[in-house]
Amino acid sequence: CLDNEGEVHEFDSRWKTDNCDECSCSKTGIGCCTSYMTPVDYDEKKCEKIFNKETCSYKVVEKNNHSKECPVHSWVG
């Protein structure tokens, strides 16, 4: 399988992309999906979501004070 970066992967192999997607190669092609949950139910006027590529996770914090986390009521992934 040839991925979007031009790298060749063996059949039945798995890998994680730089964007935290988990991919696999089979004889029918490449399949990828996100490996993280995305916050969807939080106060978007007061708060913002920040993605951390090191941990492949989101943090929801106050826009004016990133040291204060905001409650999230629902996640999708």
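This report walks through a predicted model of one protein chain, from its overall layout to a few individual residues.

## Ground rules

The model is predicted, so to speak with some care: local features need pLDDT of at least 70, side-chain atom pairs count only at pLDDT 80 or more, and totals for chains, interfaces and linings use all residues. Residues are numbered from 1 along each chain as its sequence is written, and side-chain values use heavy atoms, with hydrogens and water left out.

## Overall layout

Let us start with the whole chain. The protein chain has zero helices and eight strands, where helices (H or I, at least four residues) and strands (E, at least two) are DSSP runs numbered from the N terminus. Along the sequence the pattern reads β-β-β-β-β-β-β-β. The radius of gyration is 16 Å, well over the 11 Å that the globule rule gives for 77 residues, so the protein chain is more spread out than a compact globule. That radius is taken over C-alpha atoms, and the globule rule is 2.2 Å times the number of residues to the power 0.38. Along the principal axes, the C-alpha atoms fill a box of roughly 45 × 20 × 15 Å.

Of the 77 residues, 22% count as buried; buried means under 20% relative accessible area, exposed over 50%, and partly exposed in between (1.4 Å probe, protein chains only). The protein chain exposes about 5,900 Å², with carbon and sulfur atoms supplying 44% of it; these areas come from the Shrake-Rupley method with a 1.4 Å probe, and for residues only the protein chains shown count as cover. Among contacts (heavy atoms within 4.5 Å) between residues at least 6 apart in sequence, 26% join residues at least 24 apart.

Asp 3 sits in the segment before β1 (14–16). Asp 3 is buried yet has no salt bridge, and the nearest side chain of opposite charge, Arg 14, is 14 Å away. Here a salt bridge is a side-chain nitrogen of Lys or Arg within 4 Å of a carboxyl oxygen of Asp or Glu; Lys and Arg count as positive and Asp and Glu as negative, while His and the chain ends are not counted. The side chain of Asp 3 does reach the backbone nitrogen of Glu 5, at 2.9 Å. Setting aside neighbours within four places in sequence, Asp 3 is in contact with His 9, Trp 15 and Ile 30.

Ser 13 also belongs to the segment before β1. A polar atom of the Ser 13 side chain lies 2.6 Å from the backbone oxygen of Glu 10. Beyond its neighbours within four places in sequence, Ser 13 is in contact with Cys 23, Ser 24 and Cys 25.

Pro 39 is part of strand β4 (residues 38–41) and is buried, at 3% relative accessibility. Not counting residues up to four places away in sequence, Pro 39 touches Lys 49, Tyr 58, Val 60, Val 72, Ser 74 and Trp 75.

The salt-bridge count comes to one. Lys 46 pairs with Glu 62, their closest N and O atoms being 3.6 Å apart. Lys 46 lies in the loop between β4 and β5 (47–52) and Glu 62 in strand β6 (residues 57–62), so the pair ties together parts that are 16 residues apart in sequence. Lys 46 is partly exposed at 45%, whereas Glu 62 is buried at 17%.

Glu 48, in strand β5, is partly exposed at 28% relative accessibility. A polar contact of 2.6 Å joins the side chains of Glu 48 and His 66. Such a contact is a pair of N or O atoms within 3.5 Å; within protein, one must be able to donate a hydrogen and the other to accept it, and residues adjacent in sequence count only if both atoms are side-chain atoms.

## Two cysteines with positive phi

Most residues other than glycine have a negative phi. Cys 20 has a phi near 70 degrees; Cys 20 is in the loop between β1 and β2 (21–26) and is buried at 1%. Cys 56 has a positive phi of about 55 degrees; Cys 56 falls in the loop between β5 and β6 and is buried at 13%.
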